[in-house]
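Subject: Handover of a structure

Hello,

I am passing this structure on to you. Please look it over first; my notes on what was found follow below.

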Amino acid sequence: MHALKIIWDPSKGLDLGFFTLHYYSLMWIVAFVFGFLIMKRIYKNEGQTNESLDSLFIYSVLGIMLGARLGHVIFYQPELFKEDFFSIFLPFSFKDGFQFTGFRGLASHGAAIGMIISMYLYNKKVLKKSVLWILDRVVLPVALGAVAVRIGNFINSEIIGKATESSFGVIFTQLGEDFARHPAQLYEAFCYVFVFLILFFIYWKTKKSEQEGFLFGLFLLLLWTVRFFVEFVKEPQGDEFINFAGLNTGQWLSIPFVIIGLYFMFVYKPKPMK
């Protein structure tokens, strides 16, 4: 019964001498690099310029990172606004002396909101198309990036699953534990691979990609449905902002995204261009 128990005790990151590059931060870099390459192929297919692609990368990084960080602090760690305000926006902690921490504590719900806002601004300032045009395309690299981020969470022994008595589990020794937990991070990463593949197939191989808002809606539906169900085997992430009716904060925050996704897939009708 213990044959599939995995003992997980990786190093914290790559020692570069003057600082340690944490694996979680490295996976975010991987996510943005692969995202850039995917969008480069999409923009070439759509006849867009390299200049607009470069601007997209900047808007995406700023929007997703700021949204993810603020989302985490607002919903899971609001005490930072009083106790260590500058650590919200900088990769340092000042609470118990100056310390380089990297960007720890990033919420996917906040990242999604930040992405939507940044794409709205990008479209208004640079692209000048329908905002859903860019959202329908940027969800492909975002879905793949979600895979990398969850793998980073697993390496970092964070966003852990609940204890399990099943024959498969992971012992996170960095947490000082000797019992197995669900590798919830890997469950999510595995499912997000299929979210990406479905979006990739529909964009390149079907006419549904021409229906404005469909890919964006499908992304919201698939990704947040996965998140909703995986939350059942996750431990709470700090103080729960919402916790009632048997559902936690992550699940309640996922429900509106699923509803919005269904709306764009089946209800939304784009306005005719003037």
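A word on classes before the notes: Ala, Val, Leu, Ile, Met, Phe, Trp, Tyr, Cys and Pro count as nonpolar, Asp, Glu, Lys and Arg as charged, and the others, Gly among them, as polar. By that division, the lining of the second largest cavity has four nonpolar, three polar and two charged residues. Please keep in mind that the model is predicted.

Cavities

The structure holds two cavities of 30 Å³ or more. The largest cavity contains about 520 Å³ of space. Its lining is made up of 31 residues, and those nearest the centre are Trp28, Ile64, Val142, Gly145 and Ala146. By class, the lining of the largest cavity has 25 nonpolar, four polar and two charged residues.

The second largest cavity holds about 40 Å³ of space. Around the second largest cavity are His72, Tyr76, Leu106, Ala107, Ser108, Arg150, Ile159, Arg227 and Gln237.

Helix H7 and its two partners

Helix H6 covers residues 184-205 and helix H7 covers residues 214-230; they pack at an angle of about 165 degrees, and their axes are 10 Å apart. Angles over 145 degrees count as roughly antiparallel, and H6 and H7 are therefore roughly antiparallel to each other. Their crossing is right-handed. On the H6 side the contact includes Tyr187, Cys191, Val195 and Ile202, and on the H7 side it includes Phe214, Leu218, Leu222 and Val226. In this contact of H6 with H7 there are 17 nonpolar residues, no polar ones and two charged ones.

H5 packs with H7 at an angle of about 25 degrees, with the axes 7 Å apart. Angles under 35 degrees count as roughly parallel, so H5 and H7 are roughly parallel to each other. The crossing of H5 and H7 is left-handed. Leu132, Leu135, Asp136, Val139, Val142, Ala143, Ala146 and Arg150 in H5 meet Phe214, Leu215, Phe216, Phe219, Leu223 and Arg227 in H7. The residues of the contact of H5 with H7 comprise 11 nonpolar, no polar and three charged.

Residues in two places

Val142 and Ala146 of H5 take part in the contact with H7 and are also among the residues nearest the centre of the largest cavity. Arg150 and Arg227 belong to the contact of H5 with H7, and both also line the second largest cavity.

Regards

Key. Residues numbered from 1 in each chain as written. Predicted model: local features only at pLDDT ≥ 70, side-chain atom pairs only at ≥ 80, totals over all residues. Heavy atoms only, no water. Axes fitted to C-alpha atoms, helices over the stretch in contact; angles between N-to-C directions. Helix = DSSP H or I, 4+ residues; strand = E, 2+ residues; numbered from the N terminus. Parallel < 35°, antiparallel > 145°, perpendicular 65-115°, else oblique. Left-handed = near helix turned anticlockwise from the far one by under 90°. Contact = heavy atoms within 4.5 Å. 1 Å grid on protein atoms, 1.4 Å probe; cavity = no way out; pocket = protein on both sides within 12 Å on 5 of 7 lines; lining within 4 Å. Points joined across faces, edges and corners; volume = space filled by probe spheres on them.
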